[in-house]
Amino acid sequence: MKHLYPIKESKQCELRKASPETIRFLLDYSKSLKIVSSRGLTFESNLN
Amino acid sequence: MELHVDDASLVKNYLNGDEKALECLIARHNQRIFNFIYSKVFDTEITEDLFQETFIKVIRTLKLGKYNEEGKFLPWVMRIAHNLVMDHYRKNNRMPRYEGSEQFHVFAILEDDGVNAEKRLIRDQIESDLGVLVDRLPGEQREVVRMRMYQNMSFKEIAERTGVSINTALGRMRYALINLRKFIEENQIVLTD
């Protein structure tokens with residue numbers, strides 16, 4: 001019976017996740033994004 | 001310990017400058033949002049891009065102070081992801097992308113519109129064979145065929161040039177075609193490329 005359900009097949013169903021690089025990028029983006037409001041105007045800037 | 005903090009509190013902490021709260025939110029919903037996008041696009045790279053775009057939008061909205069759905073963080077992020085998936089499909093409908101594979105490649109069905117050397121040879125042969133057949137037609141029929149097919153004249157012009165009525169010119173053309181078909185059948189000539 002076990003031949004009908006090879007281990008390799010079950011791996012195709014594993015859930016995926018965003019790569020660590022994408023997560024790192026998002027966290028860096030968040031840290032670098034600055035929002036400044038002045039006289040009713042909003043400015044966005046990315047500081048490296 | 002952080003996993004016990006609810007989303008609303010994490011959002012609040014993030015808005016107060018705690019970047020770690022964002023890391024926690026992303027880690028908590030990473031799998032769910034990623035698989036939601038993947039279930040719509042079935043491509044890891046596109047999913048990765050859309051996931052990134054989703055959170056860029058989330059970060060911008062939060063930092064701009066436009067987020068007002070307290071306690072409903074995940075449905076809100078999912079809605080952003082859904083809208084980006086829709087945008088992705090709209091964009092792709094305007095600019096369809098074709099990729100080849102081992103089984104199929106687009107160049108297998110696309111061909112150059114220009115006449116290639118082989119087709120040109122066949123076409124020249126057909127024109128040559130047809131010229132021989134036209135030469136065998138009676139003079140009046142041959143004249144009409146040449147004016148119509150080679151000089152692209154209208155039947156009105158042919159009638160004026162040959163000094164006959166349009167009906168006569170049409171009749172000569174009809175008999176010419178009947179005779180040409182007869183020659184082709186008799187000689188079993190194939191005039192196709």
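Visitor: Which residues does His88(B) touch, not counting those up to four places away in sequence?
Guide: His88(B) touches Val41(B), Ile46(B) and Leu50(B) on that count, where contact means heavy atoms within 4.5 Å. This is a predicted model, in which local features need pLDDT of at least 70 and side-chain atom pairs count only at pLDDT 80 or more, while totals for chains, interfaces and linings use all residues. Residues are numbered from 1 along each chain as written, chains are lettered from A and ligands numbered from 1 in written order, and side-chain values use heavy atoms, without hydrogens and water.

Visitor: Is His88(B) buried or exposed?
Guide: His88(B), which lies in helix H4 (residues 73-94) of chain B, is buried at a relative accessible area of 14% (buried is under 20%, exposed over 50%, partly exposed in between, with a 1.4 Å probe and protein chains only).

Visitor: Switching topic, how many helices and strands does chain B have?
Guide: Chain B has eight helices and zero strands (DSSP runs of H or I, at least four residues, and of E, at least two, numbered from the N terminus), and buried residues make up 31% of its 193 residues.

Visitor: At what angle do H6(B) and H8(B) cross?
Guide: The axes of H6 (residues 139-150) and H8 (residues 166-187) of chain B cross at roughly 100° and come within 8 Å, so H6(B) and H8(B) are roughly perpendicular to each other (65 to 115 degrees; under 35 is roughly parallel, over 145 roughly antiparallel, the rest oblique). Those axes are lines fitted to C-alpha atoms over the stretch in contact, with angles from 0 to 180 degrees between N-to-C directions.

Visitor: Which residues meet there?
Guide: Among them are Val144(B) and Arg148(B) in H6(B), and Met173(B) and Tyr175(B) in H8(B).
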